[in-house]
Amino acid sequence: MSAPLDVMRFGSGQSVRRIEDPALVRGAGRFTDDVNPPGQLFAAFVRSTVAHGRLKGVDTAAARAMPGVKAVFTGAELAAAGVKPIALAPAMKRPDGSPMTAAPRRALAHERVRCVGDAVALVVAASRAEAKAAADAVVVDLEELPAVVDVVRALEPGAPVVWEAAPDNVCAEARHGDPAAVQAAFERAAHRVRLHLVNQRLAPSPMEPRSVLAWMESGRLHMRLSSQMPTAVRGGLADCIPGLTVEQVRVQVGDVGGGFGMKTGIYPEDVAIGYAARALGAPVKWQAERLEDFLSAVHGRDVVTDAELALDAQGRVLALRTCSLAAVGASATTTGVLIQMLIGPWVTTGVYDIPLIDLHLTAVLTNVNATGAYRGAGRPEAVYITERLMDAAARQIGLDPAELRRRNMIRPAQMPYQNPMGQVYDVGAFEKIMDQGLALADWGGFEARRAASKARGRLRGRGLATFLEWTGGNALVEQVKVDVTADGFVELTSATMPMGQGIATSYAQLAVDVFGVPIERIRVLQGDTDRANGFGSAGSRSLFTGGAAVHVAAEKSVARGKELAADALEAPAADIEYRTGRFTVAGTDLGIGLFELAGRQPGGRFAVEDSATAGAPSWPNGCHVCEVEIDPATGVVEVVAYASVNDIGRIVNPVIVQGQIEGGAVQGIGQALCEELRYDADSGQLLSASFMDYALPHADVFRGFKTAFDTSIPCTTNLLGAKGVGELGTIGATPAVVNAVVDALSAAGHGAAALQLQMPLTAERVWRALQAPA
Amino acid sequence: MPVVTLTLNGRPTSADLPEPTLLVELLRSAAGLTGTHVGCDTSQCGACTVLLDGRAVKSCTVLALQADGRAVTTVEGLAGADGSLHPLQEAFIACHGLQCGFCTPGMIMSAAGLLADNPRPTEAEVVDALEGNLCRCTGYVNIVKAVLQGAEALREGAR
């Protein structure tokens, strides 16, 4: 009986080779720009070159006369046609109690531009080169207005006003916790620690830029694009384009060349391209240039925080107080605001039993691009603050940083634990995870390694981060359709999206568990709003919501198959057994194959649809330990060791999750050491708008990861017991790396300068810190 | 418009193109070979890497006219005539050297260019050869592993 065993090699828990890969390594993927329908036209946007200005006129006459040009659209035309801005949900409030507000997020700017890169006009032509040439011929008549880039300056009286509905430039404000009780705790505290921390603006930078192809078919608008959330794009198009209902839109997504949150929700460009395709009755393609993605795809982070910790004499944290200013752009997104105002605060106290908080956050409008989701989305910012404070406190009190954390950790006996933001953790054994992390990193052997580095003229430092994060996007229901087909496939149709995380393979493994057929017999269909709709893939939710739905629907499919087999075999349903692709009548030789049974059904298939609902977010957590070496002559920081132990509950594919942690950690290292989107403070020009200027980690970044998982603490609120894994590595890496650099500098007598350093810790910044008097 | 004649994945090919056409545009549009990707506009990302007379080049920085009379190999030209994967392609799958797969064709072609010159690269030489290729998903760990494993498989196959 080798067959079943063979099949189960492809079930869950195994490092199955990904079913996505054979096409991708051959160059046979189907990314949006790989699809070229006959008669396709090409679009190019004309973008604002100034940060703030009054649009006096857009002269398109010369552009319209250029070769190949089919149409030129302006914001005034779109506004006159009733195209609406992308809605901002009133999810938070302004200081005066009114709903949060931001400048309209229009498909094409109308009357004002508020950011370098705002789209002002759209040219459609027969070729890409003709569209670009004509875009250069559009004359934009602008009266430049004073711009404000810095968040502190934006809040000062007399600062330029970004959007008249918010004369104070405040988009939203939130205050969580008990300020009076926190103040009292600070007054009685034995130790107080204070840090000024900058989570700099980042570019998510999926390697595939945004791309959109829209066309009309049977009176419906079809859009093919690179997106994590096709259903949201469908809804957004119907909201913005007049006379278009949700039913009249079909959104399809093929391969997605990385998302990282940047491809969630609808973009102004999507609306413009959809509008143009409908107006012209022809397929219109827009492929963002990398420059355009730097300018107008959502950015991540950008929060400046004053953070304080009050501790008692034994190092127990009494209270945490933060005051943060988040730059959410001019035409902010709902997500970008919520990430800073709410989602980050949900995990600020993390794995620690901190009784009192006072978190004051202000979302500020400035003349820069909107922020949105970027891997971690609020949690990296929050965890960075807390983990920097923990290290600073340990150093000030004279405690081992692990010991200080130990004294403050939530105990398993306290589970379920409600944190001061009202978030409830179902399970967690944080001290156990930390102890494994310290062992994996050989925490005790560090001083010898530091001495060895010193002998080679290098400054060695060690950084620790113990943390948890919230996953699921609070979108906890997912539905899956299972079709068994006569041509020998089990088809899984889901509204969650692939973007490199291997979700199709993980789903296929879960289906193999139930059906017992070879993984080659499983087909996963995603990315078509005519087939499935839902929240999409974001917030590390897909496996524990969609995977659970795969399991439920697959079991229901087998149950349905038993009923059909009972009819086919003329036996009572109760006597039908199922095993590895075959239904049999118990105690007899009578039976029928799974796919043969499908062939007997009308249409050659039988289908069931079912959903699963997770009861709550999952709370993955980890202990990440990084060691760095600094070359004191140059200030260059090198990551030399990185060990992590991660609790992500049940694991479906070990190789995939390891890839998520390590690839994610490199993004976190990128924030710590090299990445920064910087706007010129006066002109509002984006200074780092190419991969020449925006420093992504390259292949030499670091390869010695030691990555381990503790699977003994499954999530109790979803059927699989899985916890989201996609963002954990990014969240842990940034504080672990920076804490290591601060440790190295402090040990070399530059502790005061080290505490002034802000990310990215480039060679120049570190070198300057080393020049400060010890 | 000038006519470009080249050997593309072993087959003689010619195309009538405007002079400023880039090699990557010829590949993706005229030849319909969409495995070669464009991820930036400043020649940094390397997703468009192909072999030009056996050397890895970024096809976004080569004019189609410069390929006249020369041999170009894209990721579509790597597999065997029977469709069997090239050892590098096999190794990328085996090592989980790709996630979203967008940078992968460029990574594989850069690696193929390296191995043509240096069949037995050290890890440092692999890292150096991939300096011009960006990946945002994997953190490069498994890409470097895949190139080393692919190199070994190629050497064994050549024996």
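I began with handedness: α3(B) and α5(B) make a right-handed crossing (the near helix is turned clockwise from the far one by less than a right angle). Helices here are DSSP runs of H or I with at least four residues, numbered from the N terminus.

A note on the model: it is predicted, with local features needing pLDDT of at least 70 and side-chain atom pairs counting only at pLDDT 80 or more, while totals for chains, interfaces and linings use all residues. Residues are numbered from 1 along each chain as its sequence is written, and chains are lettered from A and ligands numbered from 1 in the order in which they are written.

Next I looked up the geometry. The axes (lines fitted to C-alpha atoms over the stretch in contact, with angles from 0 to 180 degrees between N-to-C directions) of α3(B), residues 104-117, and α5(B), residues 141-158, come within 11 Å and cross at roughly 45°.

Which residues of α3(B) meet α5(B)? I found Met107(B), Ala111(B) and Leu115(B), facing partners that include Val147(B) and Gly150(B); contact means C-beta atoms, placed from the backbone, within 7 Å.

Then I turned to the chains. I see 42 residues of chain B in contact with 43 of chain A. On the chain B side, α5(B) gives the largest share, 4 residues.

Last, I checked one residue of chain A. Leaving aside neighbours within four places in sequence, Ala511(A) is in contact with Val490(A), Leu492(A), Ile522(A), Val550(A) and Ala554(A).

Methods:
Helices (H or I, at least four residues) and strands (E, at least two) are DSSP runs, numbered from the N terminus. Two residues are in contact if their C-beta atoms, placed from the backbone, lie within 7 Å.
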